[in-house]
Amino acid sequence: MLRIEGTSIEQDCQRALKTIDLLLSECSKKLTQIYGRELIAEISCRMKTSESIVKKLKKKGYPITLDTAAKSLSDIAGVRIICCYQDDVYRIQKALYHVPELTILKEKDFIKRPKKSGYRSLHMITSVPIACASGIKNVRVEIQIRTVVMHLWAELEHEKCYKKQERKGDPIYRTLKLCAKLGCQLDTEMQNIRNTSSTAFNK
């Protein structure tokens, strides 16, 4: 069984997560100064488990090895950014392009183009430099940016359907698809209310 715990790959990813956490904290402070309010409500870091890595390698038809995982998977290390409003997702996205130490490699916008399940989030594959024995090394980290509403839905969907691989035939799946539409409407309405209720929020 493949195990990432205690390996050099895990150590590199942990260093990358610490680095990116500091970069995002500084980015958050700058955004607060610009907009006069906190755009980022929460930043959380996580490492993909060995079980999840094996599952993804199998799904892609790749060899189940640590070397393959390190070369082929871009989300072993991940960061999640939670904000309140949908337009703040794109403000944060734009700000990340101006973080000198961060290189944006790839993006997937599941807000403008949601998954069939109803999942919405902005994914950015980034590269972060870390110091190691051999010198400077670039480690990939996936950043997910989503609203509180998107996050609540994604957590519930992950618990009820994703892990169990339950799909179209299950009534919970159909209900979650409806909730996804309602969540999208809620995000839009709350953003509209914010934009019209106070000029301070409309910077």
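Which residues does leucine 96 touch, not counting residues up to four places away in sequence? The close-up views below take up this question and several others; they show a predicted model, in which local features need pLDDT of at least 70, side-chain atom pairs count only at pLDDT 80 or more, and totals for chains, interfaces and linings use all residues. Residues are numbered from 1 along each chain as its sequence is written, and side-chain values use heavy atoms, with hydrogens and water left out.

**View 1. Leucine 96 and the largest nonpolar core.** Leucine 96 touches Leu24, Cys27, Leu102, Ile104, Met124, Ile143 and Ile145, where contact means heavy atoms within 4.5 Å. The largest nonpolar core has 42 residues, and those with the most contacts inside it are Ile76, Leu96, Ile143 and Ile145. Such a core is a set of buried Ala, Val, Leu, Ile, Met, Phe, Trp, Tyr and Cys residues joined through side-chain atoms within 4.5 Å; buried means under 20% relative accessible area, exposed over 50%, and partly exposed in between, for a 1.4 Å probe and protein chains only. Two or more residues of this core come from each of α1 (8-35), β1 (40-47), α2 (50-60), β2 (77-83), α4 (86-96), β4 (122-132) and β5 (135-147), and α1 gives the most, with 10 residues. Helices (H or I, at least four residues) and strands (E, at least two) are DSSP runs numbered from the N terminus. A second, separate core of six residues includes Tyr119, Trp153, Ala154 and Ala180.

**View 2. The buried side of α2.** The buried residues of α2 are Ser50, Ile53, Val54 and Leu57. They cover an arc of only 95 degrees around the axis, which puts them on the same side of α2; the arc is that of the directions from the helix axis to the C-beta atoms. What covers these buried residues includes α3 (66-72). Glycine 61, whose phi is positive, near 75 degrees, follows α2.

View 3. The structure holds one aromatic pair, formed by phenylalanine 110 and tyrosine 119, which is edge-to-face at 6.0 Å centre to centre with 65 degrees between the planes. Rings of Phe, Tyr and Trp (its six-membered ring) pair if their centres lie within 6.5 Å, and planes under 30 degrees apart count as stacked, over 60 as edge-to-face and the rest as tilted. Phenylalanine 110 and tyrosine 119 are both buried. Lysine 115 lies over the face of tyrosine 119, at 5.0 Å from the ring centre, while the charged end of lysine 112 sits over the ring of tyrosine 90, 5.1 Å from its centre. A charge sits over a ring if NZ of Lys or CZ of Arg is within 6 Å of the ring centre and within 35 degrees of the ring normal.

**View 4. Cysteines without a disulfide.** The structure holds zero disulfides, a disulfide being a pair of cysteine sulfur atoms within 2.5 Å. The sulfur of cysteine 27 is 12 Å from the closest cysteine sulfur, in cysteine 83, which is too far for a bond. Cysteine 184 is likewise in no disulfide, and the nearest cysteine sulfur, that of cysteine 179, is 13 Å away. Cysteine 27 is buried, with a relative accessible area of 6%, whereas cysteine 184 is partly exposed, with a relative accessible area of 32%. Cysteine 184 lies in helix α6 (residues 171-197).
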